[in-house]
Amino acid sequence: MQDAAFTSIQSAVYARLYTTIYKFIFDRYRPYQTNPDTRNTHLVFKPFSGKSSFPSGHATIAFALVTPWFFYYPHWSTALLFLVSIGTCIARLGLDKHWTTDVMAGAAIGFFTGYYLAKMHQKQFQSVWMTPLIDDNNTGLNITFYF
C-alpha cells in the first residue's frame with residue numbers, strides 16, 4: 001500500500017510537470033474568455049500567448065492520483081475511484097473552465113503517467129518514451145512502450 005501511495009503522488013507530480021509544459025506550448029483561451037457567438041475559436045491554438053486552457057490541470061491530477069491505485073489493486077472497487085476523476089472533468093466543463101478536448105487531454109496525460117509509473121514500479125515493463133510531435137500542420141504525442 002505504501003508503494004501505491006508513493007506512486008500516486010509521484011504520478012501527480014510528474015503529470016503536473018508535463019501539463020505545465022504543454023500549457024505553455026499549446027496555449028488556448030478558456031470557454032469563459034471567448035465570445036459565445038464565436039465559440040469555434042477554441043479550435044485555434046496560439047502558442048506562447050499566455051492562455052492556459054489546454055490541457056486541463058485538474059483532470060490531469062485527478063487521473064494521475066487514481067490510476068496507480070487501480071493498477072496496484074485491480075478490482076471493481078478501485079475502478080470506482082475513476083468516478084471521482086470523471087466527476088472532476090465534468091465539473092470543469094460545467095463551470096465553463098475547459099473545452100472537452102482540454103479535459104480529455106488532461107485525463108490522458110494523468111492516466112498514462114500513472115499507468116507507466118505503476119507498471120514500472122511493479123517491474124511489469126522496461127521502458128516507455130513520450131515524444132511530442134510538432135510540425136507545421138499537426139501536433140500530437142507519440143507514446144511508445146517497450147516490453
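This is a predicted model: local features need pLDDT of at least 70, side-chain atom pairs count only at pLDDT 80 or more; totals for chains, interfaces and linings use all residues.

User: Which parts does the aromatic pair of Phe63 and Phe82 tie together?

Analyst: Rings of Phe, Tyr and Trp (its six-membered ring) pair if their centres lie within 6.5 Å, and planes under 30 degrees apart count as stacked, over 60 as edge-to-face and the rest as tilted. Phe63 and Phe82 are 5.9 Å apart centre to centre with 35° between the planes, a tilted pair. Because Phe63 lies in helix H2 (residues 57–72) and Phe82 in helix H4 (residues 82–94), the pair ties together parts 19 residues apart in sequence, namely H2 and H4.

User: Is Phe63 buried or exposed?

Analyst: Buried means under 20% relative accessible area, exposed over 50%, and partly exposed in between (1.4 Å probe, protein chains only). Phe63 has 11% relative accessibility, so Phe63 counts as buried.

User: How many residues of the contact of H2 with H5 are nonpolar?

Analyst: H2 and helix H5 (residues 100–121) pack at about 35° with their axes 7 Å apart. Contact means heavy atoms within 4.5 Å, and Ala, Val, Leu, Ile, Met, Phe, Trp, Tyr, Cys and Pro count as nonpolar, Asp, Glu, Lys and Arg as charged, and the others, Gly among them, as polar. The contact includes Phe63 of H2 and Phe111 of H5. Its residues divide into six polar, one charged and, for the nonpolar group, 12.

Key:
Residues are numbered from 1 along each chain as its sequence is written. Side-chain values use heavy atoms; hydrogens and water are left out. Helices (H or I, at least four residues) and strands (E, at least two) are DSSP runs, numbered from the N terminus. Axes are lines fitted to C-alpha atoms, for helices over the stretch in contact, and angles run from 0 to 180 degrees between N-to-C directions.
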